[in-house]
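Subject: Structure handover: salt bridges

Hello,

Here is the structure I promised to pass on. Please open it first, then read my notes below.

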Amino acid sequence: MTETADAQHPGDASHVSDAFHVFDTTLRDGAQREGINLSVTDKLTIARHLEDFGVGFIEGGWPGANPRDTEFFRRAREEIDFRHARLVAFGATRRAGVTAAEDPQVRALVESQAPVVTLVAKSHDRHVELALRTTLEENLAMVRDTVEHLRAAGRRVFVDCEHFFDGYLANPEYATRVVRTAHEAGADVVVLCDTNGGMLPAQVQAVVRTVRTDTGARLGIHAQDDTGCAVANTLAAVDAGATHVQCTANGYGERVGNANLFSVVAALQLKYGMAVLPEGRLREMTRVSHAIAEVVNLTPDTHQPYVGVSAFAHKAGLHASAIKVDPDLYQHIDPELVGNRLRMLVSDMAGRASIELKGKELGIDLSGDRELVGRIVARVKERELRGYSYEAADASFELLLRQELLREGTEEQPRSFFTTESWRAIVENRPDGSHANEATVKLWAKGERTVSTAEGNGPVNALDRALRLALERIYPELAQMELVDYKVRILAGTHGTESTTRVLVTTGDGREEWSTVGVADNVIAASWHALVDAYTYGLLRAGAEPQG
C-alpha cells in the first residue's frame, strides 16, 4: 500500500485488507443510467451510505469535466469522514500531443485532492485510431506519461482499460501492451473493462488468466450487464486472479446497467468466504440498497437477489411445510446475514404450514389449533377466489386473522375503531370540461356519530380525505399516516365494465409502510374497503384505543 493510502486510515482497524478491493462507481458510471440525475446533495448522501456500508473505494465523478462533480469533491473532503472508503477521482489520460503537466483535465484531477485517481485509457486499437485519432504508440505514451505524472503528485493510480475484451479479441498483442505499459508506469491496478457488456464468463476467465500471466500486473474487472452476465463475469474474473471489482449499487448504469455491488459483495463474502467488508457491515446491505434507491428516486427491485423484499419470500404450500421443519431447506442463506428477512406469502396456494408460519411472523401462535388454522385457510382461498390477493397485502391478512381469533374467543377485545353508516362519492362534470369530486362519510366511533364531507382531485382522494376528516379528531394518531401508493387491477369478467376490481393501497406513518386490499364490482367501492383496512390497521399498530 502506498504512503498516501496509508494516511487515509491511520490506526483504523476496521478497514479490510488492501489485498482485495471493492470499488464502487455508482456516482460516476451508475449515474449514467437513464432516469437518474443526481444533485451534489444526492451524491454526498449516496457516498455516506457507501462509506457506512464499508466499500474500499468510492469513485465520485470527473472533476473538471462539469461544475457539479468539482463541487462534489470539494464538499466531500469537508463534509464526509471517510473511515472505510477512499475517495476516487475519475479522468482520462492526457490528450495527444501535450504533456500530462500541460493538460488542464489532468491538472483538475490533482486539484480535486482525491487520494486515488482512476484513468480511462484506450486499449482497443480501432478506438485509438478512430476515436482518439492518434497512433498506437502515442496512445501508449499518453498512458505512461499520465500515470507517471499522477504518481509523482502523490496519487495512487488505477487504469481502466476501456473496451479491453473486445480489443483483446481484435488485437491481443496491443491490448496486452496497454496493460503492461500502465503497470510499468506505476499503476497499482489495471482494470479490464467489458465496456460493451458482450462477454460471457468463460471468455472473461480465460482472458484475465492469460493477461495476468503475460504482464504480472494486478488486475481488476469492470463488467457491464448487456448479456445479463455482469455479476457472473465479475466472479469469473476473480476466479482467474482479479483482486479488484468495480460495481454499482443495485446494478445502476448505462443501458441495462453494471455488475450489482450487493450481489457481488454477498457472493464474495458468503460464498467465497472473503472478508471484503468491515465486520458487521454485510447486515446493512438491504438497508443501504433501499436507501440508495430512495435517493435516486427509483423503486427498489422487489426480486433483486439478496436485498429484494421477495428474495426470501415463500408462497407454495410445499415450501412452507419444509420451511416449518427447517428454513434452510428452501433458502440458500439466512436472510438476516444481509439484513433481509424471510416472508411467508398468503394466497390460494397456502396450506396449514403457510398460515402457521405467517401467524408466527406476525407474532401470533396458531400451531395448537388445527381447526382454527383450517378455517383460516378455507377463508383465504374463498376470498382469493373472489379476487382478493393477500400476498401483497399483509395488513389485510392480519386483520382477517384477528377477526377469526375474535370469533374463536382468543382476542381479548374487539379491534374495531369505527363503524360505517354510509358513504358516497360524487363526480360532477361541468359544461366547461372541468370536474369536481366530493365525498361524504357517515360513521360511528366511540359512541359518537360523525358526518364529514371533503373534496379531492378524484373520487377516491375525496373519500380518503372525508374518512380522515371524520376520524382525526377522535384518533389523532391518524395525523401521522398518509397514502403512499395506490394500484388498481381489473380482474377478468364477462364484460369489461362488469369485471371485478381489486385495489391495493400502501399507507405509511413515516417509519413503516403497510398494504391493504379491497375488492368490489367498481373501483370506488374497492378503494373504500382498502382504505378502511388501511386506517384500521394503522390505528391497531399505533396502539389506539378501540371502540367497545
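Start with helix α3. R74 and E71 both sit in this helix, three residues apart, which is about one turn. Their side chains form a salt bridge, with N to O at 4.0 Å. Keep in mind that this is a predicted model.

R74 has another partner. It also bridges to E78, and here the closest N and O atoms are 3.6 Å apart. R74 and E78 are four residues apart in helix α3, so about one helical turn separates them.

How open are these side chains? R74 is partly exposed, at 37% relative accessible area. E71 is partly exposed too, at 32%. E78 is exposed, with a relative accessible area of 57%. Exposed here means over 50%, so E78 passes that cut-off.

Next, look at K43 and D69. Their side chains meet in a salt bridge of 2.6 Å, N to O. K43 belongs to helix α2 (residues 40–53) and D69 to helix α3 (residues 67–79), so the pair ties together parts that are 26 residues apart in sequence. Are K43 and D69 buried or exposed? Both are buried.

There is also a network. Salt bridges link D18, R86, R151, R156, D188 and R218.

Last, the overall count. How many salt bridges does a search of the whole structure find? The search gives 31. The pairs above are among them: K43 with D69, R74 with E71, and R74 with E78.

Best wishes

Definitions and conventions
Residues are numbered from 1 along each chain as its sequence is written. This is a predicted model: local features need pLDDT of at least 70, side-chain atom pairs count only at pLDDT 80 or more; totals for chains, interfaces and linings use all residues. Side-chain values use heavy atoms; hydrogens and water are left out. Helices (H or I, at least four residues) and strands (E, at least two) are DSSP runs, numbered from the N terminus. Buried means under 20% relative accessible area, exposed over 50%, partly exposed in between (1.4 Å probe, protein chains only).
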